[in-house]
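Subject: Structure for you to look at

Hello,

Here is the structure I said I would pass on. Please open it first and then read the notes below it.

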2 protein chains.
Amino acid sequence: MPENPEVRRTVKIEESVLSFNEKKAKEIMTLHRSKGIFTINVMGSPGSGKTTFIIETIKALRDKYRFAVIEGDIASTIDSEKIKAIGVNSIQINTGGICHLDAGMIEKAFSYINLDETDIVFIENVGNLVCPADFNLGEDIRVALLSIPEGDDKVHKYPMIFRACNVVAVSKTDLMEHFDFNVTSTKETLKKLNPEIKTFEINSKAKESFIEWCKWLDERIGSVFRA
Amino acid sequence: MPENPEVRRTVKIEESVLSFNEKKAKEIMTLHRSKGIFTINVMGSPGSGKTTFIIETIKALRDKYRFAVIEGDIASTIDSEKIKAIGVNSIQINTGGICHLDAGMIEKAFSYINLDETDIVFIENVGNLVCPADFNLGEDIRVALLSIPEGDDKVHKYPMIFRACNVVAVSKTDLMEHFDFNVTSTKETLKKLNPEIKTFEINSKAKESFIEWCKWLDERIGSVFRA
C-alpha cells in the first residue's frame, strides 16, 4: 500500500496517538482505583444490545452500587436519554465522525461525574467491532456484545476485539430459533482466541438471564477492591 | 482534545491520505467506465446481511450480467468462500486491523478480475457503520444495509454513512414482529439526510423482496452506460 509516503508517516503518528492514549488511560485507572470506582467498557456492533445490557445490569445491581454511564455515539443523545429515564446520571459524548472513544474523551466526561457518590461507571463505546479495541480507556474490564442476529462468524472475522475483552455477552438469545448460530462452537473459538474469556448468554426479555453475569461482576468488583 | 501536538498533525495527514485515496478512486472510476464495468460498494454493520444481499442480487441478475465480488474483512475467507460456492469469482481482502477498504486495496484486488469478462463488481466493505463512509472506492453506487435487529435509531446515531450512500436496503424484514422498528419514519429520516436516497425492504427468506431493488439496479446500469 505505502506508495504514498504520508501513509507510512500516518502509521508512525498513530503509534504516538496510541501511546498518548495509553498514558492518559493509566492516569484514569490510578485515579479510579484510589476513589474505589470500577469502570466497564462496553463494546460491540451497532444494535448488538449494549444500552439494554447496561440498563438491565444497573436494574439488577442498583440496590448495592451507585452507577453512572458515559454514552459514546457519533451523533444523537438517544442512549443517554434512555439511561436518564431510569434515574441514572448519564453523560453523552458525541464524537462527530470519530469511530471510537479515547482516554482523553473519557477524562473529560468524568469531570461531570461525582466520584465520591459513584461506585460503577459504564462506558458505552461507539458501535463498532473494529476500532474501539485499540483504545484503552482506563477501564477495569471490557465487555463485548455479540448478538444472535449478527451471526457466529463474527468471532472469526473480527478477532481483535474478542481477544481484547474479558467478557463476551451473547445477546438476543430469544431469537436463536431464527438463526443458525452455534453458541457451543462460538465459546470454543472465543476460548482459543482468549483463554481467560468469560461468556454469558443474555436476553432482555428474560431478566433471569442476567443473574450469572451480575454475580460474576459483583465478585470481580469485590476482588479488585479487596486486593 | 489536541493537548498532544501529534493529534493535530494526524488530522492534517489524514486529509492527505484521503486526497490520495480520492485521486486513486478517480483513476479506478475512469478505467471502469471505459471498460463498461459497474461497481457497487456495499456497506453496513457486522451481520447486517451484506453477503446475503450480494448473493441474492447475483442470483436474480446472473442471466443478464457477469459478476465478480471483492470481499473485505479484517480476517478470514468465510465470505469469499460463500461467493465461490455459487460459482462467482471472489477476491478476499484481509485488512489485518484496518477498519475500511480504500482505493489502493481495490486497485490491487481488481488485478485479479478479468475486466473484459465482467459487467458488475460488488465490493463488500468491512462491517462498520462509521469508517467506510470516508473512503471513495471509485464505485458507481453505494448501498448501505440496515437490518431490523439493529434498530431504527441507527440512522440518527450514524448519519454520515446514510448521507454518503445512494441506496439503503432494510434487511431481515421477516423479523419485524420481534422488534420495534418503524420503517415509515426511518424512510422519512433518511430522506431528510439525503433527499436522493432510495430505500428497499429485503428479506432473504422471500426472494421476491429483491425484485424492486434488482429492477432499479438494472435501470441504473442502463442509464450509466447509455449516457
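This is a predicted model: local features need pLDDT of at least 70, side-chain atom pairs count only at pLDDT 80 or more; totals for chains, interfaces and linings use all residues.

At the start of H7(B), a side-chain oxygen of B:Asn182 comes to within 3.1 Å of the backbone nitrogen of B:Thr184.

Next, two residues with a positive phi. Most residues other than glycine have a negative phi. A:Lys172 is not a glycine, yet its phi is positive, at about 60°. A:Lys172 sits in the loop that runs between strand S6 (167-171) and helix H7 (183-193) of chain A. Is A:Lys172 buried or exposed? Its relative accessibility is 16%, and because buried means under 20%, A:Lys172 counts as buried. The other residue is B:Ser76, which has a positive phi of about 85° and is not a glycine either. B:Ser76 belongs to the loop between strand S2 (67-73) and helix H3 (78-84) of chain B.

In chain A, helix H2 (residues 50-61) contains A:Glu56. With 8% relative accessibility, A:Glu56 counts as buried. Leaving aside residues up to four places away in sequence, A:Glu56 touches A:Lys207 and A:Phe210.

A:Ser209 is in the loop between strand S7 (198-201) and helix H8 (211-226) of chain A. Its side chain reaches the backbone oxygen of A:Ala206 at 2.7 Å. Again leaving aside residues up to four places away in sequence, A:Ser209 touches A:Glu201, A:Ile202 and A:Asn203.

Last, the cavities. How many cavities of 30 Å³ or more are there? The count is one. The largest cavity holds about 70 Å³ of space. It is lined by 13 residues, and the closest to its centre are A:Ser147, A:Pro149, A:Glu150, B:Ser147 and B:Glu150. By type, the lining of the largest cavity has four nonpolar, five polar and four charged residues.

Regards

Methods
Residues are numbered from 1 along each chain as its sequence is written. Chains are lettered from A and ligands numbered from 1 in the order in which they are written. Side-chain values use heavy atoms; hydrogens and water are left out. Helices (H or I, at least four residues) and strands (E, at least two) are DSSP runs, numbered from the N terminus. Buried means under 20% relative accessible area, exposed over 50%, partly exposed in between (1.4 Å probe, protein chains only). Contact means heavy atoms within 4.5 Å. On a 1 Å grid over the protein atoms alone, a cavity is a set of points where a 1.4 Å probe fits but cannot get out, and a pocket is an open set with protein on both sides within 12 Å along at least five of seven lines; lining residues have an atom within 4 Å of a point. Grid points are joined across faces, edges and corners, and a volume is the space filled by probe spheres set on the points. Ala, Val, Leu, Ile, Met, Phe, Trp, Tyr, Cys and Pro count as nonpolar, Asp, Glu, Lys and Arg as charged, and the others, Gly among them, as polar. A polar contact is a pair of N or O atoms within 3.5 Å; within protein, one must be able to donate a hydrogen and the other to accept it, and residues adjacent in sequence count only if both atoms are side-chain atoms.
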